[in-house]
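Please look at the charged pairs and the nonpolar packing of this protein. The questions and answers come after the structure.

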Amino acid sequence: MELLGLSLKDILKRSKKHFSTKCVMTIGMQMLDRLEKFHDEGFIHCDIKPDNILIGNYTNDNKAMNVLYLIDYGISQKYLSEDGKHHELKHRVAFKGNVIFSSKNAFAGKTLSRRDDIISLAYFLIFCINSK
């Protein structure tokens, strides 16, 4: 059985690029939960965007229709050192992420942290509400 279905980018295209406010709030709550669990492992995603959020394959399982998955950890990085301390803030770091959803810290060349994943998620949710 296929676990994952469409990306939210594909769903936005099919739904004429619009989600209801309730739907966006539900997406936001699930994605905050996914990010919190990922951050608890000591990593940041660095690439929150519609292509990297999938919804379960609802053609095979109606329950999966309401489950979101965060994928593509290719540019993810550890934000904690081996001794469990947060990496030091650095300047002039190479840009990581998606130009549309990245935080101003990414553009400023600062070391990314959990806050930047949350900022990217906020930009993504605003995009979902405003895309028509």
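What follows covers salt bridges and then nonpolar cores.

This is a predicted model, in which local features need pLDDT of at least 70 and side-chain atom pairs count only at pLDDT 80 or more, while totals for chains, interfaces and linings use all residues. Residues are numbered from 1 along each chain as its sequence is written, and side-chain values use heavy atoms, with hydrogens and water left out.

Q: How many salt bridges does the count come to?
A: Side chains of opposite charge can pair when their charged atoms come close. A salt bridge here is a side-chain nitrogen of Lys or Arg within 4 Å of a carboxyl oxygen of Asp or Glu. By this rule the count is four.

Q: About how far apart along helix 2 are Lys37 and Asp33, in helical turns?
A: The side chains of Lys37 and Asp33 form a salt bridge, N to O, at 3.3 Å. Helices are DSSP runs of H or I with at least four residues, and strands are runs of E with at least two, numbered from the N terminus. Both residues lie in helix 2 (residues 21-40), four residues apart, so the separation is about one helical turn.

Q: Is Lys37 buried or exposed?
A: Buried means under 20% relative accessible area, exposed over 50%, and partly exposed in between (1.4 Å probe, protein chains only). Asp33, the salt-bridge partner of Lys37, is partly exposed at 26%. Lys37 has a relative accessibility of 51%, and therefore counts as exposed.

Q: What is the relative accessible area of Lys49?
A: Lys49 forms a salt bridge with Asp47, with the closest N and O atoms 3.7 Å apart. Asp47 is buried at 8% relative accessibility. Lys49 is buried too, and its relative accessible area is 17%.

Q: Which residue forms a salt bridge with Asp116?
A: Asp116 is buried, with a relative accessible area of 4%. The closest N and O atoms of the pair are 3.4 Å apart. The partner of Asp116 is Arg115.

Q: Which residues touch the most other members of the largest nonpolar core?
A: A nonpolar core is a set of buried Ala, Val, Leu, Ile, Met, Phe, Trp, Tyr and Cys residues joined through side-chain atoms within 4.5 Å. The largest one has 19 residues. Those touching the most other members are Leu8, Phe19, Ile27, Ile53 and Phe124.
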